[in-house]
Amino acid sequence: MAREPFLAGNWKMYKTGDEAVKFIEELKPLIRGLDDRRTALAAPATALRQAAEAAAGSGLIVGAQNLHWAQEGAYTGEISASMIKAAGATMVILGHSERRQFFGDDDALVAKKLAAALAAGLLPVVCLGENLAEREAGRAFEVLAAQLQGSLAGATPEAVAGLVLAYEPVWAIGTGRTATAEQAQQAHEFLRGRLAELFGRPAAEATRILYGGSVKPDNAKSLMERPDIDGVLVGGASLKADSFAKIVRYDA
Ligand code: PGA
């Protein structure tokens, strides 16, 4: 079965609730009728409810960018999966490289967060990727294999089949330096092979694997043409409705 293309924006720490609504109202007509793919936006927690209300009925998925693994508790400043759901969101990004780099999210923590997301019925987008030193040392695939195994520890093949993975080489995020479509394809093919070893071929064939790192309207199509690249996770170019719409319409 062919995997459904998945085009996701990650707004990071940009956009208030009102700004999110304005963006979504602008985006909706630009992507209307594209029923062969899924479009998603990860908004700041404070904008989730307004974003979810603006997106209602459009098919647009709204998600959070992180969660805490506990259901509730004395964790000042944190937000749980059930709170994200109650705000109207249905997706969550986990293990983004900025979380890994600045907030101590390691593979074991990502695995705990993944379990919480799955238990709440949120669609997880699990991010991983090597940094520049690791790539230059020829260790990219070794790092990816360890991140994959650690971040998905404890997940069932059924869960893995349904989730979204995002390969985001750290050296390509926000740098304007995109991995070539060929470099990305090689990493995706490697990850799918590892998924097959860990969770079985049927699960691996179902998992959607996104590429992220300086995706722009002019490189989205060549990435999407590669067999193991099922979608993109877009930071900077997802902040304006027209550029994000061009990425969502990559083949139009
Ligand atoms: P970028 O960010 O598109 O701005 O490189 C991608 C990401 O961090 O998800």
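E136 counts as exposed because its relative accessibility is 62%, where exposed means over 50% relative accessible area, buried under 20% and partly exposed in between, with a 1.4 Å probe and protein chains only. The place of E136 is in helix α6, residues 132–136; helices (H or I, at least four residues) and strands (E, at least two) are DSSP runs, numbered from the N terminus. Between E136 and A8, which are 128 residues apart in sequence, the C-alpha to C-alpha distance is 28 Å.

The model is predicted, so that local features need pLDDT of at least 70 and side-chain atom pairs count only at pLDDT 80 or more, while totals for chains, interfaces and linings use all residues. Residues are numbered from 1 along each chain as its sequence is written, and side-chain values use heavy atoms, with hydrogens and water left out.

**Buried residues and their surroundings**

H96 lies in the loop between β4 (91–94) and α4 (97–102), and it counts as buried because its relative accessibility is 4%. Not counting residues up to four places away in sequence, H96 touches N10, K12, C127, E168 and I173, contact meaning heavy atoms within 4.5 Å. With one of these residues, E168, the side chain of H96 makes a polar contact to the side chain at 3.2 Å. A polar contact is a pair of N or O atoms within 3.5 Å; within protein, one must be able to donate a hydrogen and the other to accept it, and residues adjacent in sequence count only if both atoms are side-chain atoms. The C-alpha atoms of H96 and G59, which are 37 residues apart along the chain, are separated by 24 Å.

S80 is likewise in a loop, that between β3 (61–64) and α3 (81–86), and it counts as buried because its relative accessibility is 4%. A polar atom of the S80 side chain lies 3.0 Å from the backbone oxygen of Q71, and S80 touches H68, A70 and Q71 when residues up to four places away in sequence are not counted.

I61 lies in strand β3 and is buried, with a relative accessible area of 8%. Leaving out residues up to four places away in sequence, I61 touches F6, R38, T39, A40, L41, T90 and M91. The C-alpha atoms of I61 and A51, ten residues apart along the chain, are separated by 9.5 Å.

**Positive phi angles**

K12, which is not a glycine, has a positive phi of about 55 degrees, and its place is in the loop between β1 (6–10) and α1. S214, also not a glycine, has a positive phi of about 55 degrees and is placed in the loop between β7 (208–212) and α11 (220–224). S214 counts as buried because its relative accessibility is 8%.

**Nonpolar cores**

A nonpolar core is a set of buried Ala, Val, Leu, Ile, Met, Phe, Trp, Tyr and Cys residues joined through side-chain atoms within 4.5 Å. The largest such core has 70 residues, of which I24, L27, L67, L152, L195 and Y211 touch the most other members. Helix α9 (residues 181–199) gives the most to this core, with seven residues. A second, separate core of 14 residues includes A40, C127, L210 and L233. Apart from neighbours within four places in sequence, I24 is in contact with W11, L41, A51, A54, A55 and L60.

**Pockets**

On a 1 Å grid over the protein atoms alone, a pocket is an open set of points where a 1.4 Å probe fits, with protein on both sides within 12 Å along at least five of seven lines, and lining residues have an atom within 4 Å of a point. Grid points are joined across faces, edges and corners, and a volume is the space filled by probe spheres set on the points. In the lining classes, Ala, Val, Leu, Ile, Met, Phe, Trp, Tyr, Cys and Pro count as nonpolar, Asp, Glu, Lys and Arg as charged, and the others, Gly among them, as polar.

| Pocket | Volume | Lining residues | Lining classes |
|---|---|---|---|
| Largest pocket | about 560 Å³ | 20 residues | nine nonpolar, seven polar, four charged |
| Second largest pocket | about 200 Å³ | 13 residues | four nonpolar, four polar, five charged |

In the largest pocket, the lining residues that lie nearest the centre are K12, M13, Q65, N66 and R99. In the second largest pocket, those closest to the centre are I31, L34, S58, G59 and L60, and α1 (17–31) and β2 (38–42) each supply at least two residues of the lining.
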